[in-house]
Amino acid sequence: MMSMPLYRSRVTRSFHRFSTLVPPLAFVMVSLAWSVAMLLYTNFLLTPEMELPKEIFLIPLGVGLSSIGRDATEGLLPVLLTRPLRRSTYVLSQWAAMGTVASFWALLHLVLQWGLIVAATPHGPMPLEVLYNAIGRVSLCLGMAATLVCFSTRLPGWGHLALWGVLFFIAERVLPGLGKDESARFALTVRQYLLGVLMPELDIRRTFAATPVSWLRLTTYFSNVTLMLLLGIHIFNHREVSYASR
Amino acid sequence: MRRVDPGSTRALPRGLLVAAVLLLGARGASALYEKHNPSQPWSLVAWVPLEQAEALSRERHLPILYYFSADWCAPCHIMERDVFNNDYAARGINARYIPVKLKDRREEEGVNPPAVQALIKAHSVSGFPSFAVVGVDGKRLRLRQGYGGYTSILQFLLIPTPSD
């Protein structure tokens, strides 16, 4: 289903390319620098806190700068597809690589934040809380990677990020306003589903640690991820790629 | 539609297709199930048993946050949904306090456990929800009665609000 050489090459490329190395690295550095600055400015009164998984959504977006659309724009797709490689294998390898790299940066950020909190305060967060946060971050990275790969199967260059941004704006700014009207309450339901596709995440406290276990949250997450991957593969299967097309 | 040879490079992966269909079905079934058996999230606030609170407070140098409520208290349920089930607020509480949840059982059982009743009397709790913040040295720092909204509670708990 997945090609290990392609997966490895995509993971390695993410760390060698300026456009995919700098954004997540910048996020991690700026976030920590801000925490340290606040700590020093307030004389250790404002202690840093672990960011919630959904607050690190910029990391998968930064890693997503390198995607199928980018390969198409750079003329790599016709070369890759001349090989006896299934298109689904290509899409799934892209997803796995993007998810892996984004998870790496998200977990690195978590470890550094944890270290800073432990160094700055007499106590640190509970290990269970850190574990739940880590699982949430990895699930968010893999989920967002599926959505971004799906969008990039059709859109050139960074169009998938633009589409994600527009949909996110609609979900966060437009739909809540519409939903305030009694006759348009469905807008809040649409918002919930849209965010579930744009930022799929497994919240352990609300899923496995809940009573009873929330199978709905679990199946919703995996269902959203598999549907986005299937849709991406379907779109890519119908895309004609030639040296003359972009 | 032209049939795609399953061995071709454009075939849909069957495993993924089957998984997607099964997951959709499971999603629908679990939605129906949870409609009648709603899931309660594990508390986002890390409540500490009363008997461990003082020791933890000294160990971690954090004040104790006593939260007084009752099962019959409707504003308590609204506040718990708005504040304690909110990721940001719960994270703020866990980082700044040793939170202890105390339930008044006089309506249901006639009396409270002695430790709970002693705290209710010590902090002059006459309504619910109520909060008392007690420092590491055992002295009361702040007291509050009533809900008053998400932002108001965060301000009382000294957690930065979005407007700050």
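Analyst: Domain bounds come from an automatic or database domain assignment. The model itself is predicted.

User: What makes domain 1 and domain 2 of chain B domains here?

Analyst: The assignment sets their bounds. It divides chain B into domain 1 (1–39) and domain 2 (50–156). The C-alpha centres of domain 1 and domain 2 of chain B lie 46 Å apart.

User: How do you know that β1 and β3 of chain B pair?

Analyst: Pairing needs at least two DSSP bridges. Five bridges join β1 (residues 64–70) to β3 (residues 130–134) of chain B, so the two strands pair. They run antiparallel. One of the bridges links Ile64(B) with Val134(B).

User: Why are β2 and β4 of chain B called edge strands?

Analyst: The open sheet runs β2-β1-β3-β4 in chain B, with mixed pairing. β2 (98–104) and β4 (140–145) of chain B each pair on one side only. From one strand to the next, the twist averages 15 degrees.

User: Which structure does the annotated span 215–236 of chain A have?

Analyst: The unreviewed UniProt entry annotates residues 215–236 of chain A as a transmembrane region. In the model, that span is 100% helix and 0% strand. Its end C-alpha atoms are 31 Å apart.

Definitions and conventions:
Residues numbered from 1 in each chain as written. Chains lettered and ligands numbered in written order. Predicted model: local features only at pLDDT ≥ 70, side-chain atom pairs only at ≥ 80, totals over all residues. UniProt positions renumbered as here; feature names shortened; annotations may be inferred. Helix = DSSP H or I, 4+ residues; strand = E, 2+ residues; numbered from the N terminus. Axes fitted to C-alpha atoms, helices over the stretch in contact; angles between N-to-C directions.
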